[in-house]
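Thanks for coming, everyone. I'd like to walk through a few spots in this model, so please keep the viewer open while I talk.

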Amino acid sequence: MCENALTMRHQLKSLIEHGTQPHVTLQVLPFNTGQHAEVGGSLTLYTLLDAPKVAYEEGSRSGNIIEDRDAVAEREENYDLLRAMALSPRDSEAVIRAAMKDWTSCRPPRT
């Protein structure tokens with residue numbers, strides 16, 4: 001269990017380090033916001049020079065490139081809603097730092 005705690009703490013520290021870079025905005029979406037349209041996978045939106053926007057969705061077993069303008073616009077709207085529901089970058093960092101404290105011992109975090 002101690003190895004798991006050390007690994008989790010290292011991953012959280014890495015998030016903080018990467019999240020302070022100028023081109024990165026780190027926001028935590030709390031569980032209490034409930035279900036949302038993008039639950040269960042990841043979404044990447046690409047804005048390309050001289051080309052229409054593209055979305056890429058990835059789940060645990062597959063990935064899908066989306067080029068249909070309406071479908072991309074829907075994902076973009078979902079993304080904007082998620083950002084609006086997420087904690088601010090400052091509050092997100094505070095949540096991550098608090099979680100790091102929970103992972104300082106060899107016991108699992110409080111639930």
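P89 sits in helix 3; helices here are DSSP runs of H or I with at least four residues, strands are runs of E with at least two, and both are numbered from the N terminus. Keep in mind that this is a predicted model, where local features need pLDDT of at least 70, side-chain atom pairs count only at pLDDT 80 or more, and totals for chains, interfaces and linings use all residues. Residues are numbered from 1 along each chain as its sequence is written, and side-chain values use heavy atoms, with hydrogens and water left out.

Beyond its neighbours within four places in sequence, P89 touches T25, L26 and Q27, where contact means heavy atoms within 4.5 Å. Now find G19: its C-alpha is 8.4 Å from that of P89, although the two are 70 residues apart along the chain.

Next, how do helix 1 and helix 3 cross? Their axes come within 9 Å, at an angle of roughly 160°. Those axes are lines fitted to C-alpha atoms, for helices over the stretch in contact, with angles from 0 to 180 degrees between N-to-C directions. That's why the pair counts as roughly antiparallel; the cut-offs are under 35 degrees for roughly parallel, over 145 for roughly antiparallel, 65 to 115 for roughly perpendicular, and oblique for the rest. On the helix 1 side, the contact uses R9, L12, K13, L15 and I16, and helix 3 brings E93, I96, R97, A99, M100 and K101. By class, that contact has 6 nonpolar residues, 5 charged ones and no polar ones. For that count, Ala, Val, Leu, Ile, Met, Phe, Trp, Tyr, Cys and Pro are nonpolar, Asp, Glu, Lys and Arg are charged, and the others, Gly among them, are polar.

Staying with helix 1, which covers residues 2-19, look at H18. H18 is partly exposed, at 43% relative accessible area. A polar atom of the H18 side chain lies 2.8 Å from the backbone oxygen of S14.

Follow the chain on to T33, in the loop between helix 1 and strand 1. The T33 side chain reaches the backbone oxygen of P30 at 2.8 Å. T33 is partly exposed too, with 27% relative accessible area.

Most residues other than glycine have a negative phi. D50 is not a glycine, yet has a positive phi of about 55°. You'll find D50 in the loop between strand 1 (42-46) and strand 2 (54-58), and D50 is exposed, at 86% relative accessible area.

Last stop: what does I65 touch, leaving aside its neighbours within four places in sequence? The partners are V54, A55 and Y56. I65 belongs to strand 3, residues 63-66, and is exposed, at 56% relative accessible area. The C-alpha atoms of I65 and V54 are 7.2 Å apart, with 11 residues separating them in sequence.

Note on methods:
Buried means under 20% relative accessible area, exposed over 50%, partly exposed in between (1.4 Å probe, protein chains only). A polar contact is a pair of N or O atoms within 3.5 Å; within protein, one must be able to donate a hydrogen and the other to accept it, and residues adjacent in sequence count only if both atoms are side-chain atoms.
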